[in-house]
Amino acid sequence: MVSWHTKRSQTIRTQVNTDLSQLAQVLAWFNQIDHAAVPRFIWLQCELALAEGFTNAVRHAHHNLPVETPIEIELTLYDQAIELRIWDYGAGFDLEKSLQALPWPNELEAGGRGLKIIAQTADVFHYIPVEQQRNCLLMIKTYGR
Amino acid sequence: MHSNIKVIQPSGILDSTQTHELRRCITEAVEHGATLILVDLKQVTFMDSSGLGALVTALKAVRAAGGQLCVCSINEQVKILFELTSMDRVFDIFPDCEAFLDQCRRTESDFEEPVYSHV
C-alpha cells in the first residue's frame, strides 16, 4: 500500500500581517501553486477554508494584537491531498469542544459559520498549541483521482 | 421615476472589508421604498462567510420591511459557500439578472425598470 505522503509534493509558504485586507493577497498566493491535478470543486472548497482560517486568525486569535503580528501560512500539495497550516499568536482555544458546542448557526444568524465551513470541508482538522507560543490550524483534504 | 425594483451589483472579493458598503446600499434601497432587491453577484470573484453573513443580515432587514431579497449569477465558489452552509435553501437564487426581471414582469402589474447600483 502506498500512502499519499510518500509521493511527490510541493510546498509554499507566506507570511501576512493581522489585516483583513490581505485576504486578496492570501488567495492569490494560494492560487499560484500548480494545482491542475486537483479537482476544481475540491480546490475551491480549500480556498474557502483558507479564507475562513485566515480571517479567523485576524478577527479572533489576533483581535487584541498589533497589525504587524505575523500570520504564517503553509500549503503542501501531495498527489492526493492538500495540507494547509496557519500559525497565529492568539490565546488558543479548544477546537473540538467549540465545534461540538456550536450547532449550525440559526439559519438567519449573521456570523459563526467560519469554523464549521472548515470542519465540513476538511478530512482532518486540528487547532493545537505549538512552539514559540503559537497555535497551528491544520487542515487536510484528500481527494481521489 | 421611482421603481420598487433595485439591483445591487457588488464586485471583486465580498468579504468583511466590503460588507459595510453592501449593507449600507441595501438599507438605503429599503428606505427609498424598494421591495424587490436583487444582489447581482456576477462581478463577485470570491465570497467568504462574512460576505454571506452580510447578505443574511440584509435578507432579514428586507423581509422585516415587507420586501424580498434575491441573489443571482453566483459563481462556482459562491455556490459551494451557499451549499456548505445550506443558504441555498434560504435565498431565492436566479441564474441571472434577466431571469429575475422576467419574473418581476410577470408578477408586478406596475413593473418599472429597476434602479442599478454598483457597490
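The stops below go from the contact between the chains to a helix pair, a loop residue and the core. Please keep in mind throughout that this is a predicted model.

**The two chains together**

Begin by colouring chain A and chain B separately and looking at where they meet: 21 residues of chain B are in contact with 20 residues of chain A. On the chain B side, helix 2 (49-64) and helix 3 each supply at least two residues, and helix 2 of chain B gives the most, with eight residues. Sorted by class, the side of chain B that touches chain A holds nine nonpolar, eight polar and four charged residues.

**A crossing between the chains**

Next, select helix 2 of chain A (residues 40-61) together with helix 3 of chain B (residues 76-84), whose axes come within 10 Å and cross at roughly 70°. Helix 2 of chain A and helix 3 of chain B are therefore roughly perpendicular to each other, and their crossing is right-handed. To see the contact itself, show A:L44, A:Q45, A:E47 and A:L48 from helix 2 of chain A, which meet B:E76, B:Q77, B:I80 and B:L81 from helix 3 of chain B. The residues of this contact divide into four nonpolar, two polar and two charged.

**Helix 3 of chain B**

Stay on helix 3 of chain B and select B:Q77, B:V78, B:I80, B:L81, B:F82 and B:L84, which are buried. What lies over the buried residues of this helix? The cover includes helix 2 and helix 4 (114-121) of chain A, together with strand 4 (43-47) and helix 2 of chain B. Helix 3 of chain B is followed by B:S86, where phi is positive, near 65°.

**A pair of helices within chain B**

Now select helix 1 of chain B (residues 19-31) along with helix 2 of chain B; the axes of these two helices come within 10 Å and cross at roughly 15°. That angle makes helix 1 of chain B roughly parallel to helix 2 of chain B, and the crossing of the two is right-handed. The contact is made by B:T19, B:L22, B:R23, B:I26, B:T27 and B:V30 of helix 1 of chain B and by B:S50, B:G51, B:A54, B:T57, B:A58, B:A61 and B:V62 of helix 2 of chain B. By class, the residues of this contact divide into seven nonpolar, five polar and one charged.

**A loop residue**

From here, go to B:T17, which has its place in the loop between strand 2 (11-14) and helix 1 of chain B. Because 18 other C-beta atoms lie within 10 Å, B:T17 is partly exposed. If neighbours within four places in sequence are left aside, B:T17 is in contact with A:L20 and A:S21.

**The nonpolar core**

For the last stop, turn to the largest nonpolar core, which has 67 residues, and among these A:A49, A:F54 and B:I37 touch the most other members. The largest share of this core, 11 residues, comes from helix 2 of chain A.

Terms used
Residues numbered from 1 in each chain as written. Chains lettered and ligands numbered in written order. Predicted model: local features only at pLDDT ≥ 70, side-chain atom pairs only at ≥ 80, totals over all residues. Axes fitted to C-alpha atoms, helices over the stretch in contact; angles between N-to-C directions. Helix = DSSP H or I, 4+ residues; strand = E, 2+ residues; numbered from the N terminus. Parallel < 35°, antiparallel > 145°, perpendicular 65-115°, else oblique. Left-handed = near helix turned anticlockwise from the far one by under 90°. Contact = placed C-beta atoms within 7 Å. Nonpolar A, V, L, I, M, F, W, Y, C, P; charged D, E, K, R; others polar. Core = buried A, V, L, I, M, F, W, Y, C linked by C-beta atoms within 7 Å. Buried ≥ 20, exposed ≤ 12 C-beta atoms within 10 Å, placed from the backbone.
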